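Here are a few exercises to work through with the structure open beside you. Try each one before you read the solution.

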Amino acid sequence: MTRGRGYALLALVVAAIVALSTAIYVGVASDDGLRNRNALGDGRAPHNSAAPASTGTWVGTWSTSPSAAEPGTETTGMADRSVRNVVHTSVGGTGARVTLSNLYGQSPLNITRATIAVSAGSGTAAALADTMRQLTFGGGPTVVIPPGRQVMSDAVRVAVPHDSDVLITTYTPTSSGPVTYHRHARQVSYVAQGDHTQDATGTPYTERTGSWRYLTALDVLSNESDGTIVALGDSLTDGITSTPDTNSRWTDVLSDRLRAQIAAGRDLPRYSVVNQGISGNQVLADGLGRPADNPSGLNRFGRDVMERTNVKVVVIDLGVNDILRNPRLADPNAILNGLRTMVGQAHARGVKVVGATLMPFYGHRGYTEAREAVRQTINAEIRAGRVFDAVADFDQALRDPYDPRRLRADYDSGDHLHPSDKGYARMAESFDLETLKGSAPAEL
């Protein structure tokens with residue numbers, strides 16, 4: 001080869017590298033709040049040499065909704081700290097990818113290292129050392145997430161068991177302003193000073209937290225699931241009164257029940273279950289701030305339901321807070337129209353919708369006879385089949401048969417609004433698994 005041809009070839013190689021680097025940067029920076037689909041299974045070759053072979057189906061095994069900016073993190077964020085989020089899987093897989101969010105940040109979130117590992121056991125920050133994997137983003141170990149955006153990692157080969165705890169750890173050396181978090185995790189996670197993302201012992205993780213930070217989704221490449229069920233709801237779905245670290249939310253019990261029934265030979269869809277509950281959530285009203293803390297079901301439906309991986313069914317359990325938190329008497333027709341709007345959005349994407357009746361709250365400080373009448377009006381429309389494709393009658397399952405205005409005593413956590421662990425289990429047990437079959441109708 002002549003020297004001139006050699007220089008020309010070198011120039012072409014350099015130009016290709018620059019173009020690829022620019023594409024990766026623009027792919028992250030231009031993310032409009034949806035996923036940055038740079039992982040295996042999205043039509044591109046995997047950047048990560050540890051990425052799994054293209055077999056199985058990508059599904060959500062865990063997710064949560066970014067609900068607010070964490071108070072007290074406005075100045076320092078989580079600078080020079082490792083955040084080890086503990087999440088619980090609904091199905092297993094041979095590969096994984098995660099979604100990280102800087103929705104409420106006010107400056108770029110600089111993640112210089114991130115890892116995933118299977119937990120060594122319940123209630124610990126320790127990992128099974130042979131499962132520790134470094135996560136990459138566009139082929140590299142670092143990623144910068146602009147304010148208001150989120151990014152998906154590359155796929156990584158790792159055996160993720162079903163019904164198990166997984167550790168996703170991120171390290172950022174600088175502050176990004178307010179930390180994007182989900183407040184009521186009902187799961188203990190951990191924090192360490194400095195970069196300990198690859199530490200499997202868990203020893204440096206001396207700080208415990210009841211929130212999830214930055215992390216919003218864990219997907220797996222699975223041979224045991226064909227799609228995802230998304231539960232959209234408020235504190236009743238968030239599981240705010242369930243026992244921490246026991247995975248006793250109704251969605252957890254539903255996942256276990258569906259898997260057990262399939263294993264027993266019942267002809268049911270093989271779906272994972274993910275939880276998009278936010279405590280205090282309403283169908284119609286947003287919280288304060290820009291972007292809004294606790295955005296309404298209507299405003300977050302596209303992000304938290306339609307943009308979940310391979311969603312087949314959504315279960316909507318919303319409306320109680322629209323009744324209880326409205327300083328005036330809530331308009332049942334407005335709530336019902338909001339629910340129907342979400343159903344229409346789901347049907348446009350071929351997603352089936354199961355809707356829950358609103359459970360009783362007599363004895364709660366917000367109870368009035370007028371509010372009870374609004375609840376009954378909404379439930380009557382739901383039961384009549386004029387809102388959803390199918391119904392999960394949580395009201396009938398948990399109400400006191402001798403006073404239908406209140407929860408049955410053993411299903412009541414004590415505040416007369418939220419269920420006990422037994423009540424959450426009853427919600428899942430009353431769910432008709434046959435309603436998961438089929439797809440969305442062309443017209444409701």
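**Exercise 1.** Decide whether Tyr362 is buried, partly exposed or exposed in this predicted model, then do likewise for Tyr367.

Solution. Start with Tyr362: its relative accessible area is 25%. Buried means under 20% and exposed means over 50%, so Tyr362 is partly exposed. Now take Tyr367: the value is 14%, so Tyr367 counts as buried.

**Exercise 2.** Work out how the rings of Tyr362 and Tyr367 are arranged, and find the cluster they belong to.

Solution. The ring centres of Tyr362 and Tyr367 are 4.8 Å apart, which falls within the 6.5 Å needed for a pair. Next, the planes sit at 80°, so this pair is edge-to-face.

**Exercise 3.** Classify the ring pair of Trp62 and Trp212, and say where each residue sits.

Solution. The model has four aromatic pairs. In the one formed by Trp62 and Trp212, the centres lie 5.0 Å apart and the planes are at 80°, so it's edge-to-face. Trp62 belongs to strand β1 and Trp212 to strand β15, so you're looking at a link between distant parts of the chain, 150 residues apart. Both Trp62 and Trp212 are buried.

**Exercise 4.** Describe how helices α4 and α6 pack.

Solution. Helix α4 (residues 297-306) meets helix α6 (residues 332-348) at about 25°, with axes 10 Å apart. Angles under 35 degrees count as roughly parallel, so that's the label for α4 and α6. Their crossing is right-handed. The contact includes Phe301 in α4 and Met342 in α6, and its residues divide into five nonpolar, five polar and no charged.

Definitions and conventions:
Residues numbered from 1 in each chain as written. Predicted model: local features only at pLDDT ≥ 70, side-chain atom pairs only at ≥ 80, totals over all residues. Heavy atoms only, no water. Axes fitted to C-alpha atoms, helices over the stretch in contact; angles between N-to-C directions. Helix = DSSP H or I, 4+ residues; strand = E, 2+ residues; numbered from the N terminus. Parallel < 35°, antiparallel > 145°, perpendicular 65-115°, else oblique. Left-handed = near helix turned anticlockwise from the far one by under 90°. Contact = heavy atoms within 4.5 Å. Nonpolar A, V, L, I, M, F, W, Y, C, P; charged D, E, K, R; others polar. Phe/Tyr/Trp six-rings, centres within 6.5 Å; stacked < 30°, edge-to-face > 60°. Buried < 20%, exposed > 50% of the residue type's maximum accessible area, 1.4 Å probe, protein only.
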